[in-house]
Amino acid sequence: LISIFLVNFSKSSLIRNIKSTSLTLLSFPLRTLSWTFRWGYSEEKYRDIQRKCLKLALENLYLKEMERENIRLRRLLKFKEKSRFKFFPVEVIGRDPNLINNSIIIRGGKNIGIKTDMPVVVADGLVGRVIEVGWNSAIVQLLLDQNARVSAIVQRSRELGIIEWYQDNQCLLKNIEKRDDVKVGDVIITSGMGGVYPKGIKIGTVIKIDHQIPGLFKKVIVQLSVDFSYLEEVFILKNNE
C-alpha cells in the first residue's frame, strides 16, 4: 500500500529510493511465505509419490511371487499327470540345524501317514528319502548327504552303479568299470534295487568321465537334476500304482 501511494504521488529521486527500499523490505516476507507454501506442497506431494511408489513396489513383488508359485504349481501338476506313482505334496518348512544343508524339514509326519524310508521327489527328479518322522513334521535326507547311497542305472546303456555325493550339486556314479558304456550326456535314473527308491526316477546327467584314474573303475561325475537351494514343495512317494 505504501508503494502504491508513493508511485502515485511522487517521482523524486528520494522518493524513488524510498520506494525501492520499501519494496525490498515488503517483498522479503512475501517471498518467504510463498516459498514456505511451495515447500510444504512439494514435500507433501513428494511423500504422496513415495507412498504410491512403495505400494506399487509391494504389489509388484506380490505379483511376481504369485507368478513364481504359479509356475511351480504348474510344473508339479504336470509331474503329477505324467507320474505312475502314488504320492502327496508337502511343504518344506526348514533345514535341520544339526545336518546343515544335507537335510530338510517338511510339514507333516505320522499325522498324514509319512513313514521312514519314503522317497521324496520333485518334478526335476529325486530329492532323497525320509529318515525321521515326528507327529506333524519329518526330516528328509537329501542326495547331498555324504552318507546317502542310491542304486542307479544309466538310462541309455543300462549300466548299473551307485550314486553318492561328490561336491556341490554333483554326485559320483561309482562301480562303473572302464569298459562299461557310459557317455557324457547320459541320463542317470534310479534302478529300483534296494527296496527304497522305485525304478525310473531321474537323478541327474553325466557331465564328466575320467578314464585315467588307477584301477578297474572310471570316475563318472553326475550333475544332479534337482536344485536343492530352492526347495519349497516336495512330493512323498507312497508306492507304485
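I began with Arg 179 and Glu 177, whose side chains meet in a salt bridge at 2.9 Å, N to O. The term covers a side-chain nitrogen of Lys or Arg within 4 Å of a carboxyl oxygen of Asp or Glu. I then looked up a network: salt bridges that share partners join Arg 149, Glu 164 and Lys 174. Arg 179 is exposed, with a relative accessible area of 73%. Glu 177 is partly exposed at 27%. My cut-offs: buried is under 20% relative accessible area, exposed is over 50%, and partly exposed is in between (1.4 Å probe, protein chains only).

**Ground rules**

I am reading a predicted model, in which local features need pLDDT of at least 70, side-chain atom pairs count only at pLDDT 80 or more, and totals for chains, interfaces and linings use all residues. Residues are numbered from 1 along each chain as its sequence is written, and side-chain values use heavy atoms, with hydrogens and water left out.

**Overall layout**

I looked up the secondary structure next. The protein chain has two helices and twelve strands. Along the sequence the order is α-α-β-β-β-β-β-β-β-β-β-β-β-β. Helices (H or I, at least four residues) and strands (E, at least two) are DSSP runs, numbered from the N terminus.

I noted that 34% of the 241 residues in the protein chain count as buried. The protein chain exposes about 15700 Å², and carbon and sulfur atoms supply 57% of that area. Accessible areas come from the Shrake-Rupley method with a 1.4 Å probe; for residues, only the protein chains shown count as cover.

I also checked contact range. Among contacts in the protein chain with a separation of 6 or more, 56% are between residues 24 or more positions apart. Contact means heavy atoms within 4.5 Å.

**More salt bridges**

How many salt bridges does the rule give? I count seven.

I looked at Asp 117 and Arg 129, which form one with the closest N and O atoms 2.3 Å apart. Asp 117 lies in the loop between β2 (103-107) and β3 (119-122) and Arg 129 in strand β4 (residues 125-133), so the pair ties together parts twelve residues apart in sequence. Asp 117 is partly exposed at 36% relative accessibility. Arg 129 is partly exposed too, at 24%.

Asp 186 and Arg 156 were my next pair, with the closest N and O atoms 2.8 Å apart. This pair links distant parts of the chain, 30 residues apart: Asp 186 is in the loop between β8 (170-174) and β9, and Arg 156 is in the loop between β6 and β7 (160-167). Is Asp 186 buried or exposed? Asp 186 counts as buried, at 6% relative accessibility. Arg 156 counts as partly exposed, at 41%.

**Core and aromatics**

I turned to the largest nonpolar core, which has 43 residues. Ile 106 and Leu 231 touch the most other members. Such a core is a set of buried Ala, Val, Leu, Ile, Met, Phe, Trp, Tyr and Cys residues joined through side-chain atoms within 4.5 Å. Leaving aside neighbours within four places in sequence, I find Leu 231 in contact with Val 92, Ile 104, Val 122, Val 127, Leu 142 and Val 226.

I found one aromatic pair in the structure. Phe 87 and Phe 235 sit edge-to-face, 4.6 Å centre to centre, with 70° between the planes. Phe 87 lies in strand β1 (residues 85-95) and Phe 235 in strand β12 (residues 233-240), so the pair ties together parts 148 residues apart in sequence. Both Phe 87 and Phe 235 are buried. The pairing rule takes rings of Phe, Tyr and Trp (its six-membered ring) with centres within 6.5 Å; planes under 30 degrees apart are stacked, over 60 edge-to-face, and the rest tilted.

**Strand pairing**

Three bridges join strand β6 (residues 150-154) to β9, and the two run antiparallel. Three bridges also join β9 to strand β10 (residues 202-210), again antiparallel. Strands pair if DSSP finds at least two bridges between them. Which residue stands opposite Ile 153? Ile 189 in β9 does. Ile 189 also stands opposite Lys 202 in β10.

**Loops**

I checked Asn 147, in the loop between β5 (137-142) and β6. Asn 147 is exposed at 57%. Asn 147 and Glu 164 are 17 residues apart in sequence and 7.6 Å apart in space, C-alpha to C-alpha.
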